[in-house]
Amino acid sequence: MAEDASHNFIARFQGPTFDDMVEALTKGFGSLDAWRTGREKPLDWKVGFWGDEGLSLVSNQDTGDWGARTAHGTPETLAIVVPRTGVLNVGFGRTVVEATPGRLLLMNNLESDWVSIGAAPHRSDTLSLNWTILAQAVAAIFERPLIGAMELVPVIDFSTAAGQLFGNLVQTIILGMRNNGPLLHSPIAMSNLTQALADLVVRLIPNRLSHLLDNKIHLIAPRHVRRAIDFMYANIAQPLTMQSVAEAAGVSIRSLEVGFRDFKGATPAAYLRSLRLHAAREDLRDPLNRQPLRDICLKWGFFHFGRFSALYRAAYGENPSDTRRRSGG
């Protein structure tokens, strides 16, 4: 990726105190729990941010030696971090990933445990992509909802072919947004580049679903499979049998099962279950939804709460109650 030609950005906020810096970063990233290792050292920071609900850019510069984690209730995003100077470490359980200039870092802001900035001059640009847009890209490419974590490779080297292609797009977007740039004055271009960014994440960055790109599962499904899926979506909250789904698709149950296995990698029943799990998750992530967990479970056709919890945990790596607690609902 070409080095940024302009190292300067217009600071929306700046100052010498750590607490003020955290408050400024919160406006760009959402709620943070932050700490500083060397509070006796001067900080001298500045922060700028631009963007919309789909994609935003935060540029920050400081003297380092601090850390943070995403607080509960923060919207889910894919953070694409471009380190300019200094070292940035991210903790995922027992795994620590290091990002330095020349490497690009990707992380789901709700899956990382902490971020640590080294004790040296630090500057970075971070694009935050609304996770819903990424999930929509997955659904468009594979014709099924995103269930569970993406498990994206967290670090991309700019020296690789994929790194150069992806990095050049990231840099183009950053330069177009920074300092209230021209991209922010062209909603159509902004939308197109945001969609292109999400699409390249799915197609270029190694992840849990990458193997499907070399399989016919990612090809356009035959008409009877698409009719079945449309029928499932239209009646997702209603009691459904596979016989009724097959009849709506105009094929036998056997043909329906073969079509789903070949083009969706799942049985029709498993596919419907994944749609309902996803719908339940959206309810649990909605801070305005006050329905009890059991009511949400029943709403989406799961009549045994223990079984629902086990399926949910297998799909998303957390309990339904964890999802609701993190959303602040």
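## Strand pairing around β10

Two strands are taken to pair if DSSP finds at least two bridges between them, and strands (E, at least two residues) as well as helices (H or I, at least four) are DSSP runs numbered from the N terminus. In this predicted model, local features need pLDDT of at least 70 and side-chain atom pairs count only at pLDDT 80 or more, while totals for chains, interfaces and linings use all residues. Residues are numbered from 1 along each chain as its sequence is written, and side-chain values use heavy atoms, with hydrogens and water left out.

Strand β7 (residues 88-92) runs antiparallel to β10 and is joined to it by four bridges, with Asn89 having Ser116 of β10 as its bridge partner. Strand β5 (residues 66-70) is also antiparallel to β10, through three bridges, and here Gly67 stands opposite Ser116.

## The protein as a whole

The protein contains eleven helices and twelve strands. Its radius of gyration, 22 Å, is close to the 20 Å that the globule rule gives for 329 residues, so the protein is as compact as a globular protein of that length; the radius is taken over C-alpha atoms, and the rule is 2.2 Å times the number of residues to the power 0.38. Of the 329 residues, 48% count as buried.

Notes: Buried means under 20% relative accessible area, exposed over 50%, partly exposed in between (1.4 Å probe, protein chains only).
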